[in-house]
Amino acid sequence: MTRRISRRGFLGGGVAVAGAAGVAAVMGGRLLTPGEPGLLLRSARPLPKPYQAALPVPPVLRPIRTDATTDYYEITQRETPLSILPGTQTPVWTYEGSFPGPTLVSRSGRRTVVRHQNELPKPVVVHLHGGHTPHDSDGYPGDEILPMGSHGSGGMPGMPGMAAMPGEPAHGSRTYTYPLDQRAATLWYHDHRMGFTGASVWRGLAGFHLVHDAEEEALPLPKGDRDLPLMITDRSFAADGSLRYPLVDPGLEKSGVTAPYMNGVLGDVILVNGAPWPVHGVDRLRYRLRLLNASNARRYRLALDPPPPGGKGLVQIGGDGGLLAAPIAHDEIDIAPAERFDVVVDFSRYRPGTRVRLVNRLGSGSAAEVMRFDLSGTSRTPTEDATVPAWLSTVVALDPRRAAVTRTFLFQKQGGSGGWTINGQEYDPARPLARPRLGDTEIWRFVTDFHHPIHLHLAHFQVLARNGKAPGPYDHGWKDTIDLRPAESAEIVTRFTDYPGRFVFHCHNLEHEDMAMMADFITG
């Protein structure tokens, strides 16, 4: 749904949808039952006790070579047995033999080139989530890296009649070029194969990619081993220690999960950097925690238990698209799949020897625990060399009055046996839902029937409103993913720049995405 608007039309409130009643009217009054998304898949193996494993920190990958403008990397994707649960080995699909994959660290404005070699039994695609990237390196779902000697998928497996996927399959390997003309931010890379993203990410294909710049480095924020990337995921395990996932076709020829799990798969083991409910020792100093929800469907409400005296222990300094203009202190943070929140925690506010749990207030049972920080027992606070300034960055607001187009997208499930749709259509690359012009500012309105974390490729955005009112407490700064609750609407403003071509936007509940809640847009 697209219309061109005038400045006067926007100021007259033409883009607002007021609350759940307005959403219900837009969708003909048919809403799904509100609630947390997903269905729990219980492990068949006894769960380990929390807080027994040390927190792993993903290794930083070294470039194979550098020149005046570019750093070059090579990553091999292969199945690797890893010790995740005590007493067993779990076969995991990995980047360079680890889960999470190795962390890439790049400099804003300096090119990063990554060659991915596929030694897995199935095709893969690599998407740099949050990257401002040319279309041929964005990880379009049809740009598969095929195992040597295999053939591409052609169409959407399990959806006969859908047009063949556009894309350029490569045999054995593919090279991705990331200009990284963007702000410092916590990005991540993961699989994006058409119809199988959920299964591939569940099996382990995810890793951090951190971008730094001079503005961020000039700030007195925690650095070094006090700058911690934390990838939070949930998984379930079979009796033999392998990962358990409810595929329709265990051979990965037909996409999708069995019917009870169409709304999302929830695991009963919470992993942080690949370890179950880990422990990390900290000094009574400030730490920067780069929180990433890499779960398929689970949302978290993260909080510190006990909270520090006076509360507000999670000081947000950044989000999906980098630094905020100023810090925001929270008691808890809601984080949906694919979202990132950079927070600073001042552990000097606690007494020596305190054990501080990071908990999930949306979870119950084993899903209520995430990890623990064990403070040093000394009463002396080491010399602090970090702080959180009152001003962090200049965040230039996009002017919605300059928007040439407003587009409305309804994220909903079709009745009966229908799948997850956008504007009533299951994914079909033959029907792109938008054709933005490069250089244009646009307003996109998202309307939902259920929980949907919506991710836009290529361009970051700013949130204008929720349900016709002010943005929510976690909507500040530049974002690439926005979490919408049942019967909710949101308006975002974005500007498409630099790269013409075919991109996608989709729900980042990976079971929704794999079952057709995605659409193409073409810039030019």
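## Close-up views of a predicted model

**View 1. Both faces of strand 24 are covered in this predicted model.** On one side of strand 24 lie Arg340, Asp342, Val344 and Asp346, on the other Phe341, Val343 and Val345, and each of these residues is buried. Side chains in a regular strand alternate between the two faces of the sheet. The strand runs over residues 340–346 and is mostly covered, with 7 of its 7 residues buried.

**View 2. Strand 24 pairs with strand 19 and with strand 21.** The pairing with strand 19 (residues 286–293) is antiparallel and extends over 7 bridges. Within this pairing, Val344 of strand 24 has Arg288 opposite it. Strand 21 (residues 314–319) also pairs with strand 24 in the antiparallel sense, over 3 bridges. Here Gly318 has Asp342 of strand 24 as its bridge partner.

**View 3. Leu180 and Leu458 have positive phi values.** For Leu180, a residue other than glycine, phi is near 55 degrees. Leu180 is placed in the loop between strand 11 (173–178) and strand 12 (185–191). Its relative accessible area is 1%, so Leu180 is buried under the cut-off of 20%. Leu458 is likewise not a glycine, and its phi is about 75 degrees. The loop between strand 30 (452–456) and strand 31 (461–466) contains Leu458. Leu458 counts as buried because its relative accessibility is 4%.

**View 4. Pro436 is a buried loop residue with contacts elsewhere in the chain.** Pro436 occupies the loop between strand 28 (420–422) and strand 29 (441–448). With a relative accessibility of 1%, Pro436 counts as buried. When neighbours within four places in sequence are left aside, the residues in contact with Pro436 are Arg407, Glu442, Trp444, Phe496, Phe521, Ile522, Thr523 and Gly524. Leu362 stands 74 residues from Pro436 along the chain, and their C-alpha atoms are separated by 37 Å.

View 5. The C-alpha trace spans about 65 × 55 × 55 Å along its principal axes. A compact globule of 524 residues would have a radius of gyration near 24 Å, and the value of 22 Å for the protein chain therefore agrees with that expectation. Of the 524 residues, 62% are buried. Among contacts between residues at least 6 apart in sequence, 79% join residues at least 24 apart. The accessible surface is about 18700 Å², and carbon and sulfur atoms contribute 52% of this area. The protein chain carries 55 positive and 54 negative side chains, and the centres of these two sets are 4 Å apart.

Conventions: Residues are numbered from 1 along each chain as its sequence is written. This is a predicted model: local features need pLDDT of at least 70, side-chain atom pairs count only at pLDDT 80 or more; totals for chains, interfaces and linings use all residues. Side-chain values use heavy atoms; hydrogens and water are left out. Buried means under 20% relative accessible area, exposed over 50%, partly exposed in between (1.4 Å probe, protein chains only). Helices (H or I, at least four residues) and strands (E, at least two) are DSSP runs, numbered from the N terminus. Two strands pair if DSSP finds at least two bridges between them. The radius of gyration is taken over C-alpha atoms; the globule rule is 2.2 Å times the number of residues to the power 0.38. Contact means heavy atoms within 4.5 Å. Accessible areas come from the Shrake-Rupley method with a 1.4 Å probe; for residues, only the protein chains shown count as cover. Lys and Arg count as positive and Asp and Glu as negative; His and the chain ends are not counted. The place of a charge is taken as NZ of Lys, CZ of Arg, CG of Asp or CD of Glu.
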